[in-house]
Amino acid sequence: MKFASLLLLLSSIIFSCSTKKSMENKENLAIMPKDTLRIENKELEYEVIILEPGFNMWLQTTAKPRNYYDQSYLETRNRIWVTNYNIRVSDRGSYHSQLYELPIDYQRTIDYGYEVNYLLYNYLVYFQLHYKQRLGMFEPRL
């Protein structure tokens with residue numbers, strides 16, 4: 001089995017996924033204390049945890065609803081933004097090291113499913129707007 005990990009210290013996105021199984025199983029979505037959002041699917045062996053003050057409220061009140069964008073759109077944006085985010089992690093001298101502490105391991109060949117892509121996309125939109133960062137050639141869309 002291949003596993004991928006998404007780690008952001010400020011956002012603490014932690015992710016691991018089995019690539020041999022379909023991502024169509026139901027996820028368990030839970031809102032935890034202190035503005036923590038958690039998605040877990042024990043069968044597929046993955047978990048996403050986002051710990052970011054204000055993100056959960058922003059997700060509920062400002063982000064586009066699920067299924068507004070299709071998975072292909074989310075994956076395309078995530079690939080570009082994650083690539084640029086990881087470049088900034090590796091170039092600590094040029095970017096704010098507290099914003100870009102740990103790389104995100106987001107692999108093109110893995111189907112993470114809609115929910116993971118939706119949350120990662122929205123976190124990256126929130127990150128760019130909240131911290132006034134630009135991770136690609138296009139502005140994050142609300």
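These are my notebook entries on a predicted model of one protein.

**Ground rules**

I worked with a predicted model, in which local features need pLDDT of at least 70 and side-chain atom pairs count only at pLDDT 80 or more, while totals for chains, interfaces and linings use all residues. I number residues from 1 along each chain as its sequence is written, and side-chain values use heavy atoms, with hydrogens and water left out.

**Entry 1: the whole protein**

I looked up the secondary structure and found three helices and three strands. Helices (H or I, at least four residues) and strands (E, at least two) are DSSP runs, numbered from the N terminus. Along the sequence the order is β-β-β-α-α-α.

I then looked up the surface. The accessible surface of the protein is about 7,700 Å², and 52% of that belongs to carbon and sulfur atoms. Accessible areas come from the Shrake-Rupley method with a 1.4 Å probe, and for residues only the protein chains shown count as cover. Of the 142 residues, 45% are buried. Buried means under 20% relative accessible area, exposed means over 50%, and partly exposed lies in between (1.4 Å probe, protein chains only).

Last, I checked contacts, where contact means heavy atoms within 4.5 Å. Among contacts between residues at least 6 apart in sequence, 62% join residues at least 24 apart.

**Entry 2: helix 2 against helix 3**

I looked up how helix 2 (residues 71-90) and helix 3 (residues 113-130) are placed. Their axes come within 9 Å and cross at roughly 50°. That angle makes helix 2 oblique to helix 3. Axes are lines fitted to C-alpha atoms, for helices over the stretch in contact, and angles run from 0 to 180 degrees between N-to-C directions. Angles under 35 degrees count as roughly parallel, over 145 as roughly antiparallel, 65 to 115 as roughly perpendicular, and the rest as oblique.

The crossing of helix 2 with helix 3 is left-handed. A crossing is left-handed if the near helix is turned anticlockwise from the far one by less than a right angle, and right-handed if clockwise.

I noted which residues meet. On the helix 2 side they include Leu74, Asn78, Trp81 and Tyr85, and on the helix 3 side they include Tyr114, Tyr118, Leu124 and Phe127. The residues of this contact divide into twelve nonpolar, five polar and two charged. Ala, Val, Leu, Ile, Met, Phe, Trp, Tyr, Cys and Pro count as nonpolar, Asp, Glu, Lys and Arg as charged, and the others, Gly among them, as polar.

I picked Asn78 in helix 2. Asn78 has a relative accessible area of 0%, so it is buried. Apart from neighbours within four places in sequence, Asn78 contacts Tyr106, Asn117, Leu120, Tyr121 and Leu124.

Next I took Tyr114 in helix 3. Tyr114 is buried because its relative accessibility is 18%. Residues up to four places away aside, Tyr114 touches Arg66, Asn67, Tyr68, Tyr69, Asp70, Gln71 and Leu74.

Tyr118 is also placed in helix 3. At 2% relative accessibility, Tyr118 is buried. Setting aside neighbours within four places, Tyr118 is in contact with Leu59, Ala63, Lys64, Pro65, Arg66 and Leu74. From Tyr118 to Asp70 I read 9.1 Å, C-alpha to C-alpha, across 48 residues of sequence.

**Entry 3: the loop between helix 2 and helix 3**

I looked up Tyr100, which lies in this loop. Tyr100 has a relative accessible area of 1% and is therefore buried. Outside four places in sequence, its contacts include Tyr85, Arg88, Phe127 and Leu135.

Asp105 sits in the loop between helix 2 and helix 3 as well. Asp105 is partly exposed, at 31% relative accessible area.

**Entry 4: positive phi**

I noted that Asn67 has a positive phi of about 70° and is not a glycine. Asn67 lies in the loop between helix 1 (55-61) and helix 2, and at 63% relative accessible area it is exposed.

Lys132, also not a glycine, has a positive phi of about 55°. Lys132 belongs to the segment after helix 3, and it is exposed at 73%.
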